[in-house]
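Trainee: I have a structure open and would like to go through it with you. Can we start with the strands?

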Amino acid sequence: MRDLESGAAADPAGRFRAGSVTKVFTAATVLQLAAEGRIDLDRTARSYLPELIPGRYATVTVRQLLNHTHGIPAADLPGETVEEWYAHRFDVHDPEDLVRSATAKPREFRPGTRQHYLNIGYTIAGLVVERVTGDSFEHQVERRILRPLGLRDTYLPGREAEIRGSYNHGYQLMRLDDGTTGLRDASVWRATDGWAAGDLVSTTADLERFTRALFAGRVVRGPLLEEMFTLPRVADFSTGAPAAYAAGLSMKRLGGREVWGKTGGRWGYNTAIASTRHGERTLVYSVNATDAKGQDMNRTALEIMLATYGLPSE
């Protein structure tokens, strides 16, 4: 639905919060700067942000930020339940403060030896973009990706809480003021906790155009595009399974083929972009999911993914 008040069908052209799909745009921006010689993927994050990254993380490289092998733990954010997070939905989180919170803690593992999917590496990557360009992260993404591809309905909202223009509402199941459990409209919510890792607003049409351009080599060109399709040879920090995340993209084997893409979840929304390696079959969806950020994949989203590519395979 577009919203529960009207009961109208979801608007195919409506905007929505794309969550961690933002990371693909961030990785592409960093890789473009690497192609220009302005960022070296093998240089340390501390060499770009010496006043922010402490000595215990002195060896973390930009590549490790992008493929989640940096070992930096998550930043502390207020709240432990969806109700508490909802109460803090208008908080403003400064990215440098998030980095200070995370890097004040002991590292989870020696950089480059494990993989742990977290937002903090992309928060640091966004700050590296700003340092080397002397420009805002948002403007660099707009100049390098949004404008050249004509993605007119995609933007990074900064501190804006409301979604611009026509949008599909997202609802989250939580405890209501009267003590019952029900749906709250989670559409109006500052996403500064995500920033370069998760605050993008877009449409399915724009994300489809971006996905086709990315896989065709028209966003990141030449050898650096392979960074997005190269999995580090390490194990997952939590499960011990082989690493599933490259720079920006992740990989699953579905229907006997490699499917590359990225999912994203913000409260009330589940989103994904996906494609076979050379763009033969692409998928973009947004589901206004009441269980966004749950441990299990949203059932509707899962059915869409399996219908497109087939069952998981080894």
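Trainee: What is the strand order in the open sheet of 4 strands?

Mentor: The order is E7-E8-E9-E10, with antiparallel pairing. Strands (E, at least two residues) and helices (H or I, at least four) are DSSP runs, numbered from the N terminus, and two strands pair if DSSP finds at least two bridges between them. Before going on: this is a predicted model, where local features need pLDDT of at least 70, side-chain atom pairs count only at pLDDT 80 or more, and totals for chains, interfaces and linings use all residues. Residues are numbered from 1 along each chain as its sequence is written, and side-chain values use heavy atoms, with hydrogens and water left out.

Trainee: Which strands stand at the edges?

Mentor: E7 (250–254) and E10 do; each has a single partner strand, so one side of each has no neighbour in the sheet. From one strand to the next, the twist averages 25°.

Trainee: How many bridges join E7 and E8?

Mentor: E7 pairs with E8 (residues 257–266) over 5 bridges, in the antiparallel sense. Met 251 has Trp 260 of E8 as its bridge partner.

Trainee: And E9 with E10, over how many bridges?

Mentor: E9 (residues 269–276) and E10 pair over 6 bridges, also antiparallel. Ile 273 is bridged to Val 284 in E10. Their hairpin has 5 residues between the strands, and Gly 279 takes a positive phi near 80° there.

Trainee: Switching to helices. At what angle do H1 and H7 pack?

Mentor: H1 (residues 22–35) and H7 (residues 137–149) pack at about 80°, with axes 10 Å apart. They are therefore roughly perpendicular, a label for angles of 65 to 115 degrees. Axes are lines fitted to C-alpha atoms, for helices over the stretch in contact, and angles run from 0 to 180 degrees between N-to-C directions.

Trainee: Which residues make the contact?

Mentor: Among them are Phe 25 and Leu 33 of H1, and Phe 137 and Arg 144 of H7. Contact means heavy atoms within 4.5 Å.

Trainee: Last one. What is the phi of His 68?

Mentor: About 65°, a positive value although His 68 is not a glycine. Most residues other than glycine have a negative phi. His 68 lies in the loop between H3 (62–66) and H4 (82–87), and counts as buried at 2% relative accessibility.

Definitions and conventions
Angles under 35 degrees count as roughly parallel, over 145 as roughly antiparallel, 65 to 115 as roughly perpendicular and the rest as oblique. Buried means under 20% relative accessible area, exposed over 50%, partly exposed in between (1.4 Å probe, protein chains only).
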